[in-house]
Amino acid sequence: MSTVFDCRDEAQILAGMRHARQAIARGELVVLPTDTVYGIAADAFSPAAVQRLLDAKGRGRDMPPPVLVAGQDMLAALVDSIPEPVQRLVDAFWPGGLTIVLPAQPSLTWDLGETKGTVAVRMPDRRVALELIAETGPLAVSSANLTGYAAAVIAADAEQMLGDSVAVYLEEGYSETGVPSTIVDATSLVAGGDETPAVRVLREGAVSREQLAEVLGDLLEPAAPSDDAEHTADVEPAPAGGTTDARADGTA
């Protein structure tokens, strides 16, 4: 049976965080607030837990979840390298609503699904999420909803969809904006890639294309009418005005 903790109540937040840590350690799922939408989280280094997350959402291994980190040290441990333009993006928009796709660190022993050697990483701007990640390590986190349904902007909505597949729900009121993170593919910036170096927007969300252009200049690939999926990850039907790409939707 699931347990719900209201993290707006100081009397509940300590117990909620303790239960959430214990659930993650057991390979169970936790719903937590982020600055974009609510996310469903699992231990990124537990293949069984990641599979449980995919099963709870009703999706396959061809839609692997992104990973949330608590800081740049965690980012550096997960990716093969951090090109200078990516560092600029991190400095400008983290913590915040920008998810960055990069080649994963080859030495990592994890299984997020069919990632084609990449990982989508974000640092959220929410105290509860950051404190939990700091204690558990990187978390595989997808939007807290069933595939095909709108992402939850409050824990009660997530509970209605996900029920007892989640062990702990951390409630912290409505998400600040309810706008999912912007996702960019920066894999071509890593040395040795065959593509022309550029950053491609897979989904525009909390961070606008104009904001990205201010940081990246000509490295930002021009918008195209449609883009074919080249990197695998979290896919949901696109929100109004959005796009669907292999790392474009269903991401907290």
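## Close-up views of the fold

**View 1. The crossing of helix 1 and helix 5 is right-handed.** A crossing is given this hand if the near helix is turned clockwise from the far one by less than a right angle, and is left-handed if anticlockwise. The model shown here is a predicted one, in which local features need pLDDT of at least 70 and side-chain atom pairs count only at pLDDT 80 or more, while totals for chains, interfaces and linings use all residues. Residues are numbered from 1 along each chain as its sequence is written, and side-chain values use heavy atoms, with hydrogens and water left out. Helices (H or I, at least four residues) and strands (E, at least two) are DSSP runs, numbered from the N terminus. Here, the axes of helix 1 (residues 10–25) and helix 5 (residues 127–136) come within 10 Å and cross at roughly 40°. Helix 1 is therefore oblique to helix 5; angles under 35 degrees count as roughly parallel, over 145 as roughly antiparallel, 65 to 115 as roughly perpendicular and the rest as oblique. Axes are lines fitted to C-alpha atoms, for helices over the stretch in contact, and angles run from 0 to 180 degrees between N-to-C directions.

View 2. Two strands pair if DSSP finds at least two bridges between them. Strand 4 (residues 67–68) and strand 7 (residues 139–143) are joined by two bridges in the antiparallel sense, and leucine 68 has leucine 139 as its bridge partner in strand 7.

**View 3. Serine 2 sits in the segment before strand 1.** Serine 2 is buried, at a relative accessible area of 13%; buried means under 20% relative accessible area, exposed over 50%, partly exposed in between (1.4 Å probe, protein chains only). Which residue lies 164 residues from serine 2 along the chain, with the C-alpha atoms separated by 6.2 Å? The answer is valine 166. The serine 2 side chain also reaches the backbone oxygen of valine 166 at 2.5 Å and makes a polar contact with the side chain of aspartate 164 (3.2 Å). A polar contact is a pair of N or O atoms within 3.5 Å; within protein, one must be able to donate a hydrogen and the other to accept it, and residues adjacent in sequence count only if both atoms are side-chain atoms.

View 4. Threonine 187, between strand 9 (182–185) and strand 10 (200–203), is buried at 10% relative accessibility, and its side chain makes a polar contact with that of aspartate 185 (2.7 Å). Proline 95 lies in the loop between helix 4 and strand 5, and the peptide bond to it from tryptophan 94 is cis, with omega near -10°. Lysine 116, between strand 5 and strand 6 (118–122), is exposed at 63% relative accessibility and has a positive phi near 55°.
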